[in-house]
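Me: I would like to learn how to read an interface and a cavity. Can we work through one case?

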Amino acid sequence: MPSGPLLFQSIVLGLLLGGLYALLAAGLTLYFGIMRVVMIAHSAFLILAAYLAWWSHDRFGLDPLVSMVVTVPLFFGAGVLLQRGLLARLRPLTLTMMSVLLTFAIALIIEGLLGYAFTGTQRRIRLGYGTAGFEVFGARIAVVKLIAFGLAALALAALYVLMKRTTFGWALRATIQHRDAARLVGIDTERVAGYGFGLGLATAAIGGTALALDSTIYPSLHWHWIGPLMAIIVVGGLGSVPGAAAAAMVLGLLQSLLQIPMGATWAQTVFYLALFATLAVRPQGFFGGRLAQRF
Amino acid sequence: MLSSVRRTPWAAALGTTMIIALAACGGGGEGSENAGKEPITVGISLPLTGDFAEPGKGVQEGYEAWAKAVNDKGGLLGRRVELKILDDQSNADRVVADYEQLIGSDKVDLVVGPFSTRLVVPSGRVAQEYGMLFVEPAGAAAQVFQQGFKNLFYAAPAVADDHYNHLAEYILALPAGKRPRTAAYAAMDDPFAQGTAYGLKSKLEKAGIRTVVNEVYPPNTTDFGSIAAKIKASGAEILVGGSQYQDGVNLIVALQQLAYQPKLAAFSTAPTNPEFAKAVGNKTEGILSPTGYSQDAPYPSNKDFVTKFKAQFGKVPEEDQANGYTTGQVVAAAVEAVGCAEQGDCQQKLIDWLHANKVETVVGPLSWDATGKPRGAHMIQQWVGGDIKIVLPAEAKEADFIFPKPAW
């Protein structure tokens, strides 16, 4: 039985990690909700954003958080273009399968370009406050991890408000729930879907910046992220943003706690075990509710 | 298929001819004084392309620096040294063919090894069949010494398991009151990285220093928060990291975030990287690392090696270059002592001499056990006042060992 302080420290670390997972999974599940596409390149964009944060810090000495002023709008634009220019052109009959191939290709292109531009060397942003931390009830909280969590929480809250309180959010949710019905009531679903994609990619920009604060990055790192993120959105119920966030927190926490008895290698398997269990017992996901049960 | 079979010997022949021609050109001008005697040819196959191209080229520079140094001093036994280097493309089949060719048809006088365990084992076998002495610069894994080779010598201070021997001796020699009681180990899931950490672990455990954390992480790990939390909660007095580079940096940063302060912290490879201090925000005080080669090491031939290498290649030598050079030094010492360098009975005399003697090299004095495993240990370096300095063994030290380690 691990000691109390270690348990508490692991819970704190797990929650901080879960927050980041939640933001990243939210974007991924949004694409599926909007278009039923599997966006393999989501985590590649995440690493791209992390590289841009690292590069702007390394080159111009800017705080990585400042890079979001550029990357968030840039990624939003890229998302809209990606949906309108490429994914919307796929034939509906084979959309899900072809979208996997298409976004797989995009992921490879991004990885290749990153390797070409920045080489395969592992990078880490060197921040003055990189090792700073403070103590809360016996657990140490690193400032960079807290900033990353804060970013994720703010972005998720903003996403929630946008989805629930704005006309665009209503239109987007209507498009997710029933595209034909949404069109019948006068929603331009094509445009809304494009913006929805942009929104998803914008979360990758924020997530990438948060990731770069306290992690090593290298071009092929995205393969390491896409698996757990896919597992999270299935457990959370495909297409459900709150479901993805809840599943992310739970699995992030579990991963952190399981590292105590199992070690780093085996604790990773929690995502895939959860994925198998979900598919076997409750394919519609554990947090999705009625929306997710429809598909 | 047929055409490729036909073409290969031509390509090999052409390549060989070019290499001989190049060697001849390179030797022009300086050879006049020894013109009467035949040169000593040293056959080498190196991975100049493929997976190991980077370190392979490093070793090649080391060999070339050695040949130049020897020839500048009038050669070996009064004969010029000529290198015949073939490219094995990092391929284990090629390396066998290369050494067969070098020994069998090119009739080289001596052979020395390629780079990496994967190529050293098959090529060592060829050398054994022909009864050739086989000194090699880069086969440090345990399996090299389990093949029953009697002709092989690894020209470096220590295999991975023995890297920390000087540190183990130091810790175990501490008075009972000062001696640490608990230790934490975190190693990457990689034979080399684990070898270094577990070599020290088994020695400390035998002496009664309790292992309180023993973590293994996959090579792609980037989040070290949980491992750091475990180490901190254990309150281990000693921390040993079996690291490459970035994982070591990440683990150190994660531990600093948790304000963990061990009495001693040792990491393989990472702290000797030129980028290391900047990567951990200059909080390096007291961090230890074993190192196989240092440009600052006070061994007699090292200063000369560094100066000449700089003049020849316009950069300072690193470990790969030093290993190539050391291999040459070992062979040269045997040749000078025995007084011959050709195929046949001479080779066994060279082998016997190396088994019985100690050789002074740029990485320190080397001697070997019956399997060709070096009997030494790596030097231990410590970060002192913003610079990494040799602290162990005592005869090579640049600064005093600081224990317990100051807070980072």
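This is a predicted model: local features need pLDDT of at least 70, side-chain atom pairs count only at pLDDT 80 or more; totals for chains, interfaces and linings use all residues.

Reply: Residues are numbered from 1 along each chain as its sequence is written, chains are lettered from A in the order in which they are written, and side-chain values use heavy atoms, without hydrogens and water.

Me: How much area do chain B and chain A bury between them?

Reply: Interface size is often given as the accessible area lost when the parts come together. Here that is about 2400 Å² (1.4 Å probe, summed over both parts). Carbon and sulfur atoms hold 49% of it. In chain B, Thr222(B), Gln246(B) and Gln257(B) lose the most area to chain A, together 26% of what that side buries.

Me: Which side chains meet in a salt bridge?

Reply: A salt bridge puts a side-chain nitrogen of Lys or Arg within 4 Å of a carboxyl oxygen of Asp or Glu. Lys145(A) and Asp223(B) form one at 3.6 Å, N to O. The count between chain B and chain A is 1.

Me: What lines the largest cavity?

Reply: A cavity is a set of points on a 1 Å grid over the protein atoms alone where a 1.4 Å probe fits but cannot get out; lining residues have an atom within 4 Å of a point. The lining includes Lys145(A), Asp214(A), Asp223(B) and Gln257(B). The volume is about 50 Å³.

Me: Is Ala266(B) buried or exposed?

Reply: Buried means under 20% relative accessible area. Ala266(B) counts as buried because its relative accessibility is 0%.

Technical notes: On a 1 Å grid over the protein atoms alone, a cavity is a set of points where a 1.4 Å probe fits but cannot get out, and a pocket is an open set with protein on both sides within 12 Å along at least five of seven lines; lining residues have an atom within 4 Å of a point. Grid points are joined across faces, edges and corners, and a volume is the space filled by probe spheres set on the points. Buried means under 20% relative accessible area, exposed over 50%, partly exposed in between (1.4 Å probe, protein chains only). Buried area is the accessible area (1.4 Å probe) that two parts lose on being put together, summed over both.
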